[in-house]
Amino acid sequence: MMLIELTDVRKAFNQGKPNEFWAIQGITTQFEVNRITCLKGASGSGKTTLMSMIGCLSRPTSGRIRLQDRTISSLPERFLTQVRRHTFGFIFQRFNLIPGLSVVENIMLPAYPLGLKASCLRSRADRLLEQFLLADKASNPVEWLSGGEAQRVAICRALINDPQILIADEPTANLDSRLSREFMSLLDQLSKAGKTVLISSHDPVVFDSPVVDRVVELEDGLVVSGEG
Amino acid sequence: MIALLRKQRYFIDYTLGTMMRHKGKSLGLLTVYTIIIFMLASVMLFSHAMRSEAVALLADSPEIVVQRIQAGRSVMVPADYLQRIGKLRGVTEKRGRLWGYYYDPAVKANYTVMASEQDQLSINDIVIGEGIARTRGLSIGDYLTLRSHEGKAFSFRVLRLLESESELISSDLLLMNPEGYRRLFGIDESLYTDLVLSVRNPREIQKIAEKLTLLLPDSRPILRTEILRTYESLFSWRQGVMLILLLGSVLAFVIFAWDKASGLSAEERKEIGILKAVGWETSEVMRMKFWEGVIISLMAFLIGYLAAYLHVFYTSAGLFEPVLKGWSVLYPSFQLTPSVDGLQLATLFFFTVLPYTLATIVPVWQTSITDPDLVMR
Amino acid sequence: MMLNPAILALLMVSMLVSTMLLVAAAFAVSILRHWDIQSGSELQLRLERRTYLVSTLLIWAFLFEFLSLLLFIYNAEALSGQFVGAMCATGVLNLNPWGWPTLFLKITMFFVAAIWLLLNYLDNRGYDYPLIRFKYALLLLVLPLVVAETIVQWLHFTQMEPNLITSCCGTLFSADAQGVSAEVSGIAPANSILALAISAIVVIAAGVWVALQGKSGWLLSISGAAVFVIALVAIISSISLYIYEHPHHHCPFCILKQGHGYVGYFLYIPLFLATALSLGAGFVSPWRRIVSLSQTVADVLPVISWLALFFFVQFYLTSAWTIWHSRLTMMEVWW
């Protein structure tokens, strides 16, 4: 079953100016449900730009992106965000936790705009903390966490709205190889629990990992291998 | 609907947390904002209270005062004018008044001297206001010596001190026996300073004034309603001028607020970027910032207004004292009667919260449109 | 020229609002020219982001405009003490030919603003912003109104002569005088109360119909507008008599005074809100045929209609209450 379908997607920056630059130059591909796909490529190859378009963080300059039966490439930001927060969970390279807030507050952050009942939201967060062995750290400020813990908090935050698809951008860049392997096994668990995972990475621990179902290689904004 | 309210609660919670984390910045803004509201509110409360005092004072003054004009200057009114007025319909009482000013070189100040019949003062007794008592160091039973028109020294015994609701007016007042007054200033028995008429029905005042100008062609009737109206416009005009002067500081504040709102630290910018990335929408970030503005404005308004209230009504506008002192040496340590006016509150709101809100719209928007994929770059 | 804080505030607000609308109008032109929702070009992305700024600006502008309507009336009341012959706002509005136009423009702006904000709310819920051109075109039509209001209000305040003798409500709203206000004052109380009662039945029926059917909002708009007119006439010709307990005092402003318990605000505010909402209903319901809006219209239209009815009923109950509690009995009128 197709989940995400890209048709001739292009993205330009500084359009119409002398430093115009096409980061993505026409990509047509699909991503399937319940699999772990890795976008591989050197920095500047367009992986992050592509991921941000798939994840509804930005819009392609031209081309079409379909999410299940809905075209999302022409949605204005307001509606992209609505799609995004119900469909996607994000894990960023530098974890991007907000310092000064506690672990549990950081985790609940993406759910604030949904206006859930406070007790309901809190119990959801507690369940995730439990699952990722962070229950005793719930009220600590995030600055106190180790790298591995911060990564797990970031995963919890990505999962708080129970998204279908997880997007991880260079998730292992700040982890040593032991933690990286641990992270991959966590992804494996999530995939087995029914999540679709999209990772961008140039770390062999990731793209050579047995849990990855498919590797798509990008170069200069084009897919060079792993199509279809 | 409930979800919408809960959402706002989350935003308020979050923005309160953010403000606590950036205490310095929030406190700085709050302080300046509060000071601005404090200044404006002080001016408004003060002039409004002054006006109320004046109105309260005029409330028991006679409806019509008649002055005599000779060669364009007001002069003493002959006592037989009272007879010439005769019996006018609607006039319940008419009498002559004696009053004037006495310059006391010892304290370099003017006293307002009035002859009083109600107080049954003997010829040597006077009643004085707090201001005079304070500057001359007088208390009941002491003597005050005044120089008469011929240069003779007259000594008066202080019978009591004036206690009045509105000390602002009574502070420099000196009441004495009419006979004593005439002797002190050398005024003939047949003259009065002016005449006053009491009229029961306000609708008849205008008519009576017209009749007076016919009966006494050289007189000028002054109506209480006219004085009130003049006071009204004088005080609101004065308030307006003060406000225009203060608008400069409001403008400075607007620039300050704009600067504070747009000058985000890298850390704050990243924070907004994270919020956008994890699923907050532009309008939601703006909403969150809107609550920040509401909280700051509300706090500044409450604190500033309360401080102004205390300043004006409990410390007698202590900060304005140097300005007001120029008016009279006998500056009274008066207590104004507290009064709050809805129109005034609304106006104050328009002069402070509105400019602040406008100043922050553009910076808030600029913050809110931070690219959601910023944190991925 | 009068120089008091409230006047300064009003002048400042109207100039700020005009400036905000000018900025918005400039943006509206570029929306009309360049908007293309299908495109992902940077120009389109910029325009989309700017809509957030402009609609925020407009929400505030219209909110301030509404507050300034209240302040304007309240201030006219407060100023009446400073002019010979003025007993209430009527006298102040009569001071020069600009007083009444300012008030009418402000009231018009209130309704237009309410409709625009409703359209904006609706548009922001359609994933392809289907009303964007319509609403910004409408904005270009609103701009002259705001500018006119600023100018007229400026003239009104700068040409106030403190020694001018003005005529008070007793002369303007009296059956013996001439002009519209006199005609209205001269209407027999029995007729106007009857008309008010009929209008209540009609508007409630229309509102319930629109709310339950989720369509034909224009029914509510037309009956709402009619109620607005009938209600104002009724206030002048009869309700005010009951409030003042005086058979010949017809002023629509004196009821705002403290002496009458500010009852006027309890009549006017629900009436204005209800009218604005019912006018809005007519502007909301046609869009239910647009795919991206049909769900929102189906959700919003009943809410608007019920809210409008709620405020209308509040207005009717307040009117009935004032009549019921009045010690004025008009024998020759009713029996």
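**Two contacts, worked through**

Chain C is divided into domain 1 (1–167) and domain 2 (169–335); these bounds come from an automatic or database domain assignment. This is a predicted model: local features need pLDDT of at least 70, side-chain atom pairs count only at pLDDT 80 or more, and totals for chains, interfaces and linings use all residues. Residues are numbered from 1 along each chain as its sequence is written, while chains are lettered from A and ligands numbered from 1 in the order in which they are written.

**Exercise 1.** Describe how domain 1 and domain 2 of chain C meet.

*Solution.*
- Step 1. Start with the centres. The C-alpha centres of the two domains of chain C lie 24 Å apart.
- Step 2. Count the contact. Domain 1 of chain C gives 22 residues and domain 2 of chain C gives 21 residues. Residues are in contact if their C-beta atoms, placed from the backbone, lie within 7 Å.
- Step 3. Find the elements on the domain 1 side. α2 (42–79), α3 (89–93) and α4 (99–123) of chain C each supply at least two residues. Helices are DSSP runs (H or I, at least four residues), numbered from the N terminus.
- Step 4. Pick the largest share. α4(C) supplies it, with 7 residues.
- Step 5. Sort by class. The domain 1 side has 14 nonpolar, 5 polar and 3 charged residues. Nonpolar means Ala, Val, Leu, Ile, Met, Phe, Trp, Tyr, Cys and Pro; charged means Asp, Glu, Lys and Arg; the others, Gly among them, are polar.

**Exercise 2.** Describe the contact between chain B and chain C.

*Solution.*
- Step 1. Chain B gives 26 residues and chain C gives 23 residues.
- Step 2. On the chain B side, α8 (224–262), α10 (282–313) and α12 (342–368) give two or more residues.
- Step 3. The largest share, 12 residues, comes from α12(B).
- Step 4. The chain B side has 15 nonpolar, 9 polar and 2 charged residues.

Technical notes:
Contact = placed C-beta atoms within 7 Å.
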